[in-house]
Amino acid sequence: MQRDRAVTIFEKSVSGRRAAVVPEIDVPVKPLEQLIPRDMLRAEGPRLPEVSEPEIVRHYNRISRRNFDLDTGFYPLGSCTMKHNPKVNERVAALPGHARLHPLTPPQRAQGALELMWLLQASLAEICGLPHVSLQPSAGAHGELAGLLLTRAYHEDRGEARHKVLTPDTAHGTNPATVTMAGYEAVKVATDERGGIDVDDLRTKADDDVACLMLTNPNTLGLFDERIVEIAEIVHGTGATLYYDGANLNAVMGISRPGDMGFDIVHVNLHKSFSQPHGGGGPGAGPIAVSERIEPFLPRPQVVKVEGSNGTEPHFELDFDRPKSIGRLRGFQGNFGVFVRSYAYILSLGGDGLREASETAVLNANYLLALMRKGRAGKYLPIAFDRTCKHEFVLSGQRAKRELGVKTLDIAKRLLDHGFHPPTVYFPLLVDEALMVEPTETEAKETLDAFAAAIDDILAEAERDPDVAQNAPYTTPVRRLDEVGATRKPVVRQPL
Amino acid sequence: MTRYTSATDADREQMLAAIGASSVDELFSDIPAGVRLDRPLELPAGMTEQAVYERLAELASRNTGAEDEITFLGAGMYDHYVPAIVDSITQRSEFLTPYTPYQPEISQGTLQAMFEFQTSISELTGLPVASAGLYEGPSSVAAAAYLARGATGRPKFLVSRGLHPHSREALETYSAGYGTSVEDIALAGGATDLAALEAAVDDDTAAVFLQQPNFLGSVEDLAALAPVAKSTGALLVVAVDALTLGVLRPPGDFGADVAVGEGQPLGNRLDYGGPSVGFFAAREEHIRRMPGRIAGETTDVDGRRGFVLTLQTREQHIRREKATSNICTSQQLNALAATIYLSWLGRPGIVELGELMTQRTAYARERLAAIDGVEPLHSRPAVREFAVSLDAPVDGVLRRCAADGINAGYPLGHDYPEWPNGLLIAITERRTRAHIDLLADALERAVAAERAGTTEAVNA
Amino acid sequence: MADNYPDDLLYHPEHDWVRIEDGEGTFGITWYAQDALGEVVFYDPPEVGAGVTKDQSYAEVESVKAVSDVIAPLSGEVTAVNEAVSETPELVNEDPYTAGWLVKVKLSDPGEAEQLLSAQAYEDLLSAED
């Protein structure tokens with residue numbers, strides 16, 4: 001079944017088949033061309049598939065089984081925080097009061113939704129250590145854009161024109177891409193031998209033409225930058241803002257707060273630390289928490305709580321009256337369905353539970369690292385920076401490539417045959433043949449043991465015969481795919 | 001509290017021993033004391049699953065959704081019927097819980113679903129290439145603007161006042177970063193004023209933005225507008241309601257460079273505004289500037305047909321500061337819902353749905369126009385939405401209708417000050433003739449009462 | 001194909017070569033560059049008539065997983081562009097020094113060539129980088 005020839009739903013179409021029954025027209029029928037001029041009418045229906053419901057169900061069920069997924073197996077993708085997706089979250093998100101609520105419902109009739117958003121905002125403010133939150137951004141990258149547009153508005157409001165944004169050379173690609181979209185020039189800051197920001201390099205580059213420094217802490221090497229306070233002082237000293245990419249928040253919830261580290265703007269990935277399912281590539285959400293000085297520029301509308309007068313209950317409103325706001329980043333209020341799930345998660349864990357989640361995430365990562373410092377992994381896949389890691393760690397496959405002839409790519413492909421999703425590969429760019437491993441807190445010890453054993457098996461096999469890994473995988477629904485051909489002559493739709 | 005971890009005390013001991021640390025706290029010793037949180041998080045204690053459910057249900061009970069009132073609210077998101085197969089398929093672990101298909105060998109389900117979504121959107125819009133989706137409608141408009149700016153190097157966007165106000169606002173917000181300006185093109189008779197467009201379009205124009213049907217529900221004359229829009233080399237971007245494309249000629253037919261839109265009506269819940277999905281389709285020549293993931297067809301080493309992420313060098317993880325967008329996580333599960341829905345509707349279904357909505361919309365317009373104090377805002381063709389102007393305070397009218405269990409629509413005055421008592425009414429397959437008759441009756445009573453200045457107490 | 005660096009060419013440290021004939025330079029990328037890039041899938045050439053400046057990027061070549069700026073070893077005006085490479089980008093991998101040429105340029109300052117490396121000097125540079 002998994003090895004079926006791939007056939008799209010379009011190729012299963014047979015004229016005359018159908019699934020939906022559209023309600024009959026129950027009003028007096030006028031000729032369509034009387035209602036809409038002929039030259040505006042479509043001549044023929046779009047060539048959507050003609051298939052029955054059983055065929056649709058069977059089609060998608062079968063192709064679903066060609067996916068590996070988190071509910072089925074270990075998924076240690078570094079910086080993605082593939083933690084368990086609690087099932088109660090789906091149940092509450094499906095409650096009709098939430099799911100069938102139109103975004104333009106007058107606030108008086110959407111008090112449940114607005115209160116939920118307000119409570120989520122308050123929770124994120126407490127977790128991040130920054131008082132003001134907007135839930136509007138749809139993903140981390142969207143939050144990054146919000147952060148830089150807020151930065152721009154902040155500087156312009158003070159009559160300053162700044163042109164550069166600093167990012168570490170270990171930054172996630174969304175950071176420099178966002179810098180350009182926000183109209184700034186990206187300038188890289190070097191990493192020192194401890195894996196943190198090279199503070200001397202930062203000092204030379206942090207001038208008053210710098211609008212912002214974007215960081216994540218722990219960084220993409222999984223290392224906490226111990227000089228963060230000093231870094232914050234340098235950045236604030238030039239009048240720039242300090243932005244926190246929340247991708248790695250899972251390491252420090254309840255332990256250290258970005259606001260306390262000195263960050264002005266933080267985005268949080270609800271699909272990472274806050275358990276929203278990844279959906280094969282979304283949806284997620286990227287709410288932002290900001291300091292007092294950035295608050296006036298937050299997107300519009302903001303969810304606000306209005307205290308009751310004369311003993312009446314407080315109520316919640318959408319506040320559009322924000323003269324200095326950067327405006328809107330998207331329609332309506334944001335990915336509310338994601339807020340429901342993340343709020344349910346925060347309620348389930350509570351403050352202690354969130355701290356315990358981070359502690360366990362860091363424990364699991366360090367345990368797996370300890371296993372991988374031994375034996376063949378220790379020999380061929382050494383840690384890139386020899387320090388206690390936080391929730392993730394980065395190994396270099398350079399020695400495996402040189403001495404065994406197997407690249408990180410080959411190890412990743414061979415892991416597929418062992419029933420694991422590989423770690424993130426070839427990121428961060430700073431580390432040659434990088435392997436970024438993030439187990440998360442929801443994995444049991446036995447899973448970590450099994451993963452380390454699989455790595456050892458693969459390396460042992462490579463010692464004997466590197467050819468096996470170089471041509472892996474063998475047992476997956478398809479084997480290595482021709483990406484070159486796909487890119488040279490892209491075919492991006494089913495021809496009909 | 002509820003835990004989703006497995007570590008027992010014994011596990012912890014063993015793990016710490018293997019690490020060579022004496023406590024979990026030691027693993028955090030490199031965090032300077034000054035930034036350590038020295039108190040518990042001030043959040044309520046963790047709850048049982050049962051308690052969480054009850055709390056979330058209580059919050060839901062204070063929302064008046066489409067289950068609780070007869071709603072004619074539209075303005076970008078619509079109360080369509082989502083068939084049960086959408087949920088049963090999208091709730092499958094294999095679709096719900098993996099991430100972006102970076103390892104294509106074990107992600108063929110996701111990649112094929114993306115390919116099918118791209119095909120569906122290409123078919124609907126009449127444009128040859130489509131990406132696997134962006135966040136939602138208005139930010140997709142902003143993404144099209146980024147493409148146009150990169151392709152033309154020009155600084156100005158012309159935006160019809162028929163474009164969704166949220167799209168226009170998003171364009172303004174993003175323009176602060178793009179270094180571009182946004183200029184409005186007026187409406188005449190409920191549609192984009194051709195003469196105004198002709199006067200405005202020039203060599204500084206990167207793109208012209210139209211919406212089809214426009215925000216007031218009227219079908220724009222793209223045949224007349226498109227050549228004018230493109231006459232000085234600007235790109236034409238059309239934001240289109242995909243569910244009207246069963247009956248309407250698609251933007252691709254008129255020479256649109258880019259078609260974008262809000263995908264919520266395609267098998268996605270209202271969810272108080274999100275998550276949904278934005279679609280993005282374009283002419284072939286723009287493929288290398290398109291934002292979003294793209295799934296491409298290929299073969300494996302054994303000759304099997306398969307799918308991979310293609311043209312990745314456009315994207316942030318490779319091209320970084322020169323990427324066509326900063327997008328990483330998008331809305332893949334919602335795109336899958338859309339693809340399933342479009343397969344469920346199928347070729348005949350989407351046509352029938354379009355015709356049904358068109359006939360009911362015409363009926364609703366007639367019934368409401370016959371009411372004393374209700375004037376159609378325009379008489380242009382419409383598919384599923386139309387606007388009227390009331391000769392009475394619209395807020396009062398809406399409150400009275402709400403008391404009758406009817407949400408009569410979206411008040412236009414905030415976005416279109418020229419129509420302070422304007423009302424936008426949306427029709428879907430869920431709004432029957434009986435509902436429309438109830439709306440007409442309620443509206444008639446409400447308008448009369450507001451005009452008479454009746455001061456009877458009304459429950460808000 | 002094994003690594004090779006023809007003697008009749010001059011080299012730029014950013015892994016580009018030039019063949020000079022009668023005041024006209026033919027530019028391309030070296031064996032090292034195409035090897036590091038992997039299979040080339042896309043070449044975005046400059047326009048004929050465009051100016052190129054020594055040490056600055058004049059075009060991009062892409063593989064599946066990387067984008068590379070192509071650096072001009074010398075300054076001048078583009079007189080011809082290799083359309084064959086736009087059609088069949090893999091020519092750059094198969095034959096980086098002849099069929100895989102990228103642009104022809106009328107040189108504005110032939111004296112700049114003195115700053116370039118001989119084949120031997122370029123190979124020494126590569127060994128040092130390793």
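**Chain contacts and salt bridges in the predicted model**

Setting aside residues up to four places away in sequence, A:Thr360 touches A:Glu441, B:Thr5, B:Ala7 and B:Arg12, where a contact means heavy atoms within 4.5 Å. This is a predicted model, in which local features need pLDDT of at least 70 and side-chain atom pairs count only at pLDDT 80 or more, while totals for chains, interfaces and linings use all residues. Residues are numbered from 1 along each chain as its sequence is written, chains are lettered from A and ligands numbered from 1 in the order in which they are written, and side-chain values use heavy atoms, with hydrogens and water left out.

A:Thr360 belongs to helix H11 (residues 336-372) of chain A; helices (H or I, at least four residues) and strands (E, at least two) are DSSP runs, numbered from the N terminus. With a relative accessible area of 2%, A:Thr360 is buried. Here buried means under 20% relative accessible area, exposed over 50%, and partly exposed in between (1.4 Å probe, protein chains only).

The interface of chain A and chain B brings 202 residues of chain A into contact with 187 residues of chain B. The size of an interface is often given as the accessible area lost when the parts come together. Chain A and chain B bury about 17400 Å² between them, with 61% of it on carbon and sulfur atoms; buried area is the accessible area (1.4 Å probe) that two parts lose on being put together, summed over both. Between these two chains there are 20 salt bridges, a salt bridge being a side-chain nitrogen of Lys or Arg within 4 Å of a carboxyl oxygen of Asp or Glu. One of them pairs B:Arg3 with A:Glu356, whose closest N and O atoms are 2.7 Å apart. The interface of chain A and chain B also has 106 residue pairs in polar contact (both at pLDDT 80 or more). A polar contact is a pair of N or O atoms within 3.5 Å; within protein, one must be able to donate a hydrogen and the other to accept it, and residues adjacent in sequence count only if both atoms are side-chain atoms. On the side of chain A that touches chain B, H11(A) gives the most, with 27 residues. That side of chain A divides into 104 nonpolar, 52 polar and 46 charged residues, where Ala, Val, Leu, Ile, Met, Phe, Trp, Tyr, Cys and Pro count as nonpolar, Asp, Glu, Lys and Arg as charged, and the others, Gly among them, as polar.

A further salt bridge joins B:Arg305 to A:Glu11, with the closest N and O atoms 2.9 Å apart. B:Arg305 lies in strand E12 (residues 305-309) of chain B and A:Glu11 in the segment before helix H1 (32-35) of chain A, so the pair joins two chains. B:Arg305 is buried at a relative accessible area of 9%, whereas A:Glu11 is partly exposed at 35%.

The buried residues of H2(A) are A:Ile56, A:His59, A:Tyr60, A:Asn61, A:Ile63 and A:Ser64. Their cover includes helix H3 (84-90), helix H4 (93-96), helix H5 (108-125) and helix H11 (332-369) of chain B.

Chain B itself has 13 helices and 17 strands, and 67% of its 460 residues count as buried. Its C-alpha trace spans about 80 × 60 × 50 Å along the principal axes. Within chain B, the side chains of B:Asp257 and B:Arg283 meet in a salt bridge (3.6 Å, N to O). B:Asp257 is buried, with a relative accessible area of 4%, while B:Arg283 is partly exposed at 30%.

Turning to chain C, the contact takes six residues from chain B and nine residues from chain C. About 640 Å² is buried between chain B and chain C, of which carbon and sulfur atoms give 44%. Five salt bridges are found across this interface, and C:Asp69 and B:Lys322 meet in a salt bridge (3.8 Å, N to O). The side of chain B that touches chain C divides into one nonpolar, two polar and three charged residues. A network of salt bridges links B:Arg288, B:Arg319, B:Lys322, C:Glu60, C:Glu62 and C:Asp69.
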